[in-house]
Amino acid sequence: MSLKNIFAIIFAIILTEATFSQEGLPIYTDYLTDNYYLIHPSMAGAANCSKIRMTGRQQWFGHEDAPKLLTVSVNGRIGDGPSGVGGILYTDKNGFHSQTGAYATYAHHIMFSRSEVDLNMLSFGLSAGVIQYRLDETTFLADAPFGDPLIDGIVQNATNFNVDFGFSYHYLDYYVHGAVKNMLNNDGINKQENVTSNLRRYLITAGGVLGKYGSAWSYEPSVMFQYRDATQEASIDLNAKVYRQMDFGTIWAGLSYRNSFDGAEYINANTINSQRLQQITPLVGVNYKNFMFAYNYTHQTNSVVFTNGGFHQFTLGYNFGCRRERYDCNCPAVNY
């Protein structure tokens with residue numbers, strides 16, 4: 001299937017389907033599984049190949065209505081020109097809450113390189129999404145003797161339009177990405193206008209790939225900082241990956257640590273304690289020819305958690321339309 005036909009299908013779905021979202025696409029560690037476009041619109045068409053990525057995330061196996069996330073994304077260059085396009089579909093469910101969304105992306109890449117010997121590229125991207133939020137209140141008052149004026153006992157829906165904007169800069173083996181998610185204010189959802197009208201989030205990602213060019217081994221440290229505007233919450237991801245070139249492709253593994261700068265208080269044995277969100281995520285993956293498979297498992301290290309079970313996530317990918325020459329650098333996000 002050609003890239004043009006794939007985008008035609010995605011854009012048709014965007015125009016004909018009702019979509020749902022509370023605060024846009026959730027940000028987990030799936031961006032580390034060769035999926036930077038999922039959170040950075042400027043990465044649409046930045047790579048040597050067009051890419052299809054599908055992810056499935058399941059939290060707390062064995063618990064009814066546990067959170068789950070499914071995403072499908074595709075992005076690539078428009079011919080041999082400087083522009084790229086992309087599309088994302090996702091559905092996210094958490095108990096009585098559910099959200100689905102659809103985004104379409106345009107990106108432009110400015111090359112400062114004079115040849116394929118070095119990589120020096122500045123990119124800008126803009127994503128537009130139709131987003132909707134859904135809350136099923138039909139069973140909230142089933143056992144309640146008195147009504148609650150904030151509960152209507154129906155399925156609440158709110159539809160919003162929003163945009164994401166971002167930039168990327170690649171220089172040799174190093175990179176930096178920035179994005180503003182949900183730039184526009186909306187009308188609010190679930191009668192909480194003061195809380196949900198501003199869903200703006202800021203992301204900064206930076207890293208590099210270390211290792212002698214042509215060596216079978218390379219190493220990629222990176223960091224991602226995110227800040228939520230309305231609640232003034234901030235967190236940081238500290239990441240490390242290692243790559244091993246094989247005859248059939250590449251195998252790789254990594255570790256990510258997420259730490260929140262903000263915490264919450266709880267009572268334990270009449271003592272007030274506090275804790276912050278802390279997560280450790282090991283990940284493994286393999287690139288076999290044009291196919292990619294990855295798995296990551298997130299373990300929450302907080303003292304008070306819903307369950308000791310973790311979060312499992314699988315990623316499947318396929319690269320196609322690889323027309324341009326690879327750069328002479330250790331830059332897997334661009335060369336593959």
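**Stop one: the second largest pocket**

Select H3 to begin, for this helix gives the most to the lining of the second largest pocket, with four residues. Before going further, note that this is a predicted model, in which local features need pLDDT of at least 70 and side-chain atom pairs count only at pLDDT 80 or more, while totals for chains, interfaces and linings use all residues. Residues are numbered from 1 along each chain as its sequence is written, and side-chain values use heavy atoms, with hydrogens and water left out.

The second largest pocket holds about 510 Å³ of space, and of the 35 residues that line the pocket, those closest to its centre are Gln245, Asn330, Cys331, Pro332 and Tyr336. Here a pocket is an open set of points on a 1 Å grid over the protein atoms alone, with protein on both sides within 12 Å along at least five of seven lines, whereas a cavity is a set of points where a 1.4 Å probe fits but cannot get out; lining residues have an atom within 4 Å of a point. Grid points are joined across faces, edges and corners, and a volume is the space filled by probe spheres set on the points.

Next, select strand E7 (174-181), strand E9 (217-228), strand E10 (233-245), strand E11 (249-268) and helix H3 (332-335), each of which supplies at least two residues of this lining. Helices (H or I, at least four residues) and strands (E, at least two) are DSSP runs, numbered from the N terminus. Colouring the lining by class gives 19 nonpolar, 11 polar and five charged residues, where Ala, Val, Leu, Ile, Met, Phe, Trp, Tyr, Cys and Pro count as nonpolar, Asp, Glu, Lys and Arg as charged, and the others, Gly among them, as polar.

**Stop two: the cavities**

The structure holds four cavities of 30 Å³ or more. For the largest cavity, with about 120 Å³ of space, select Asp34, Asn35, Tyr36, Tyr37, Met43, Ala47, Lys51, Arg53, Ser73, Asn75 and Ala333, which line it. Strand E1 (50-59) and strand E2 (68-77) are the elements that give two or more residues to this lining, and its residues divide into five nonpolar, three polar and three charged.

The second largest cavity has about 70 Å³ of space, and its lining includes Leu25, Tyr37, Pro41, Tyr103 and Lys181. By class, this lining has seven nonpolar, one polar and two charged residues.

Now select E2 together with strand E3 (residues 83-94), which pair in the antiparallel sense over 10 bridges; two strands pair if DSSP finds at least two bridges between them. Arg77 stands opposite Gly84 in E3, and in the hairpin of these strands, with five residues between them, Gly79 takes a positive phi near 60°.

**Stop four: Ser83**

Leaving aside neighbours within four places in sequence, Ser83 is in contact (heavy atoms within 4.5 Å) with Arg77, Ile78, Tyr106, Ala107, His108 and His109.
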